[in-house]
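Please look at the sequence and the model below before reading on. My notes come after it.

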Amino acid sequence: MKSTEVSIVNLSTYTSPKVTEIRNKDWVAYGDDNDYFQYLIDRYNGSATNNAIINGISEMIFGKGLDATDSNRKPDEYAQMVSLFHKDCVRKLAYDLKLMGQCAMQIIYSKDRNTIAQVEHFPIETLRAEKANEDGDIEAYYYFSDWKKIKPNDKPERIPAFGYSNAPIEILYVKPYRAGFYYYSPVDYQGGLQYAELEEEISNYHLNNILNGLAPSMLINFNNGTPNEEERELIERRIYQKFSGSSNAGKFILAFNDDPAQQATIDPIQLSDAHNQYQFLSDESMRKIMVSHRVVSPMLLGIKDNSGLGNNADELKTASILMDNTVIRPFQTLLIDAFEKVLSYNDISLNLYFKTLQPLEFTDLEGTMVDEETREEETGVKMSVNESKEKMCTHLSSDKDFNDKEIFEKLKELGEEEDLDEWEIVDERPVDYDQEEALDKMIGLVSAGSPDADAKSSQDRALFKVRYQYAPIRNSDNSREFCRLMEDVNLIYRKEDIIQMNSEPVNAGFGPDGAATYNIWFYKGGSYCHHFWKRKTYMRKRNSQGQFLPNEGLENDKNISVNEARAQGFTPTQNNPKVAMRPVDMPNGASRKNR
């Protein structure tokens, strides 16, 4: 009885890209053939779903371009930023970062190398990392136009990495952290690449099937005996190389035989329910590709499917906000961090953000109206100077329309200089307002003083006085105007002086619902402010005879401790937590950059 020989052909397996340090090369290969970037480009070009998602997300990352919340306050620095990062360059960087998982900038220095004169996009597929030095740093990258065609005698051009040379041109390589990878970063949709290739093969199969008249695939039987194992492998290999793959769908084989008795028979294989099988593979590929890209709703990218999310305006708005925060912002943050490195070299400090592509009705503006810069950065919606002024003016009464100069003078008028020649600080701590009343009772003065900087405070007693200081003093460019003015004035205030501020529009527009005045004692510079009131308790210094006299030029020959102050009848107490607490740390607050 003759036996039937059956051979199984193993299909290719899909693995993550290999990163290889080649022994006799200075650069590090990426992928089996050192051509993994081209593999990503092929999957982008071949898969309709993958193509649409990458295009859509890269456009969302770029939005309407790069901007800065403090552009109006720093017009010169803003102009330099715009000239360095022109829109075409930033758009290409966003595209590469999404498609390739990384991007690169060509940094061009001025002749004296004191500044960066120009920044250009550099095609990431043309670069390969240099082997790391002993400290684990990548000091350079190698350029070659087509790494697939590189020959043993070709010498790629070495370009130093940013900050590792004195060369006129360097490469700033931008990539996110990926566990297990050092030289390169796999794309964020790595798990969906095989489905992108599957979708590509399905489309190729159907196209070739149509081009060949919808002829079915064939099973070839050789009826002239069983050849030996070597001959079987040879026949199998040649047929597989010539006729396998989706591009050969519907092909036929022409057989030549010595006589009709030994001719090969060709039996068509008809797949049952084939259209449903291909439909399932196509739908499954689309779903898995979208999952790998973390697409919250395909409607956001112009892809219509039958999923529930995105079928009404509310769901689409929720999906848009969620995708912007979980998918788009991380890419934007990575780019902004790289841009800030370049700007800092030129001594430029700007609060950068990307203007959003989201429809205005999808953007929540209500919760951020109290702070125009915060609102602008959070929403990505640029407010014009006139619009900003108009909104601010609606919160000011006509008789209390202060400008910065007037506010500065008012803050100086209310405060006083710290006199450390006559007074010694015996206690310094954040204010806790809850026990202010206990402090008043302890020193025997419960009446409120008048808002006169020359008068004593109701909290003063004999040898002691209590004052408050706006803290911390950090001189941040990101601080609000009121906070910057308070830092610039840098005075100490009586409690009465601060209460007086509550009735003056010294920080108009930052109160509840944009009110011109609010409780500055509690809320300092407004919602999300990072400042607090610091209480400073002073005791008069002694002269050389140990007498407490308010004379000038006294020698401080004896330090006064808090215990001694207590012995003199003064016990520092704590107050309401709201006074010591930064508004950003209060309930319903949010952690943000320093304001």
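The numbered points below cover a sheet, the helices on it, some aromatic contacts and one further helix.

1. Basis. This is a predicted model, in which local features need pLDDT of at least 70, side-chain atom pairs count only at pLDDT 80 or more, and totals for chains, interfaces and linings use all residues. Residues are numbered from 1 along each chain as its sequence is written, and side-chain values use heavy atoms, with hydrogens and water left out.

2. Three strands make an open, antiparallel sheet in the order 5-4-9. Strands are DSSP runs of E of at least two residues, helices are runs of H or I of at least four, and both are numbered from the N terminus; two strands pair if DSSP finds at least two bridges between them. Strand 5 (116-122) and strand 9 (169-174) are at the edges with a single partner strand each, so one side of each has no neighbour in the sheet. On average, neighbouring strands are turned by 25° against each other, direction ignored.

3. Strand pairing. Six antiparallel bridges join strand 4 (residues 103-109) to strand 9. Cys103 has Val174 in strand 9 as its bridge partner.

4. Helices on the sheet. Helix 4 (residues 87-100) lies across strand 4, strand 5 and strand 9, at about 40° to strand 5. Helix 8 (residues 313-345) also packs on the sheet, touching strand 4, strand 5 and strand 9, and its direction makes about 10° with that of strand 4. Contact means heavy atoms within 4.5 Å. Axes are lines fitted to C-alpha atoms, for helices over the stretch in contact, with angles from 0 to 180 degrees between N-to-C directions.

5. Aromatic pairs. Rings of Phe, Tyr and Trp (its six-membered ring) pair if their centres lie within 6.5 Å; planes under 30 degrees apart are stacked, over 60 edge-to-face, and the rest tilted. The count is 18 pairs. Phe37 is in helix 1 (residues 36-46) and Tyr184 in the loop between strand 9 and helix 5 (193-211), 147 residues apart. Which residues form one aromatic cluster? They are Tyr30, Tyr36, Phe37, Tyr39 and Tyr184.

6. Helix 13. Which residues of helix 13 (residues 481-489) are buried? They are Phe482, Cys483, Leu485, Met486, Glu487 and Val489. Buried means under 20% relative accessible area, exposed over 50%, and partly exposed in between (1.4 Å probe, protein chains only). These buried residues pack against several elements, including helix 11 (404-414) and strand 16 (532-540). Asn490, which follows helix 13, has a positive phi, near 50°.
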